[in-house]
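Visitor: I have a protein model to look at and some questions to ask. Can you walk me through it?

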Amino acid sequence: MLDKNKILDSNKKYLQTHTETFDFLSNQLCSQGRDVTNILKKLSQFQVAIPSWALGAGGTRFGRFGFQGEPSNLEEKIDDVGILHSLTQTAGAISLHIPWDVPTDYDTVKERAKSQNIVFDAVNSNTFQDQKTAKESYKYGSLGNMTKAVREQAIQHNKEVIDIGNKLGSKSLTVWLADGASFPGQSNFQTVLQHTETSLKSIYEHLPQDWKMFIEYKPYEPNFYSTVIQDWGTSFMLANACGEKAYTLVDLGHHLPNTNIEQIVSTLMMKGKLGGFHFNDSKYGDDDLTVGSIKPYTLFLIFNALVYGMENNPQNPYPAWMIDASHNIKDPLEDLMQSLEAIQEAYAKALLVDQKGLLKAQQENDVVRCQEMLQNAYRTDVRPLLRQARLNSGGAIQPIATYRSLKIRKELIKKRGANSVASGL
């Protein structure tokens, strides 16, 4: 656990400059009628889950380059999330991937998370890999497989994941399937979709009363001709078939190029079916790059739709937020801090949009005014707001700079060794 006094000492170096920039921005926003206090409150309350698999170095199918001091067990992964949360005050949850992160001692794991002010977000099942103890193979699919024994194994795994999450205090299950085909004629579209729906319904029946099930979609990869749950419409249809506790989960990287994701978000929230959101960025496909590193304006437009939905669609539950990225060449913790900053920045800018004024401009068909209102919010440097929100919560004014000045990675290497490898990668 990070010593809070060390964070406070680090903040002293940046406090004067921060105070000057924050006061300037705050006065500017107040003169425009913005409620700065309320914006800071919302930024402080906005928490993003860190996936357990993102705390080690990622990789591609061509290879993986490890990063020294990686967390080699669940307890160390919780510690890493604790570091992130101490610095940013934004990473207050961890999302586990099963069977990569099955606790050996639930009480110890829960107590460790509690000591770091971390809660357990959605648990994620894994039917895209064969496990050593499994009798059946997922080579040709899982919940949609043509063989009933394979489907039953995948269903049972998801039920076990629910049971594990329930012991930890999680309240949701995320299902992502690699099921699909790489060649025409390999499978019957209707048959595999029906199998998938039937399997999901069986899993849904195992959900505790206060749980949710998130159904993720992806147009391609690892199969390249078809994917059973290939788009938001299929996910939405399956969620409706399962019941009111089933929702669609949107992953930023799981779309074909130039897809209007903000429109998808708006439609799902209007229908009360946006359950969760996975943040990352991409240039070509599901690149899993640092959030906001490629398309920051798109991220802002998506958040504008999310903010509108959260304020105007009470039929939609508050979404579950999570980062889903891979760090092949960066320090994973630094990369995650960059992502958290980009998410908060896009959220803060979306909070600056005058939704009533925008609606008026839309009703008057004043296209230029509509664009100006969005771009004025986007062009505002809101970083002083983010720093003040962190400061108010006891975090670091400059998280990455503090992380480096405290030599945290060096300490992790000293404790865990240079050759530690994160489980599941």
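**A walk through the model**

Guide: This is a predicted model. The accessible surface of the protein chain is about 19700 Å², and carbon and sulfur atoms hold 50% of that surface.

Visitor: How many helices and strands does the protein chain have?
Guide: Let's take the secondary structure of the protein chain as a whole. The tally is 16 helices and eleven strands.

Visitor: What radius of gyration does the protein chain have, next to that of a compact globule?
Guide: The chain has 425 residues, so a compact globule would come near 22 Å. The value for the protein chain agrees with that. Its C-alpha atoms fill a box of roughly 65 × 60 × 40 Å along the principal axes. The radius of gyration asked for is 22 Å.

Visitor: Which residues have the most contacts inside the largest nonpolar core?
Guide: In soluble globular proteins, nonpolar side chains tend to be buried together. Here the largest nonpolar core has 106 residues. Helix α11 (residues 332-351) gives the largest share of this core, eleven residues. Those with the most contacts inside the core are Met-213, Phe-303 and Leu-385.

Visitor: Which residues does Leu-385 touch, apart from its neighbours within four places in sequence?
Guide: Contact here means heavy atoms within 4.5 Å. With the sequence neighbours set aside, the partners of Leu-385 are Phe-22, Leu-25, Leu-29, Val-36, Ile-39, Leu-40 and Leu-43.

Visitor: Where do the buried residues of α9 lie, seen down its axis?
Guide: Helix α9 spans residues 261-270, and its buried residues are Ile-261, Ile-264, Val-265, Leu-268 and Met-269. They fall within an arc of 125 degrees, so they line one face of the helix. An α-helix has 3.6 residues a turn, so residues three or four places apart point the same way. The place asked for, then, is one face of α9.

Visitor: Which residues are exposed on the other side of α9?
Guide: The buried residues of α9 pack against α8 (232-242), β9 (246-251), β10 (274-279) and α10 (296-312). Across the helix, the exposed residues are Gln-263 and Met-270.

Visitor: Which residue just after α9 takes a positive phi?
Guide: Look just past the end of α9. There the phi is about 70 degrees, and the residue is Gly-272.

Visitor: Is Cys-242 buried or exposed?
Guide: Buried means under 20% relative accessible area. Cys-242 has 10% relative accessibility, so Cys-242 counts as buried.

Visitor: How many disulfides are there?
Guide: A disulfide needs two cysteine sulfur atoms within 2.5 Å. By this rule, the count is zero.

Notes: Residues are numbered from 1 along each chain as its sequence is written. This is a predicted model: local features need pLDDT of at least 70, side-chain atom pairs count only at pLDDT 80 or more; totals for chains, interfaces and linings use all residues. Side-chain values use heavy atoms; hydrogens and water are left out. Buried means under 20% relative accessible area, exposed over 50%, partly exposed in between (1.4 Å probe, protein chains only). Helices (H or I, at least four residues) and strands (E, at least two) are DSSP runs, numbered from the N terminus. The arc is that of the directions from the helix axis to the C-beta atoms. A nonpolar core is a set of buried Ala, Val, Leu, Ile, Met, Phe, Trp, Tyr and Cys residues joined through side-chain atoms within 4.5 Å. The radius of gyration is taken over C-alpha atoms; the globule rule is 2.2 Å times the number of residues to the power 0.38. Accessible areas come from the Shrake-Rupley method with a 1.4 Å probe; for residues, only the protein chains shown count as cover.
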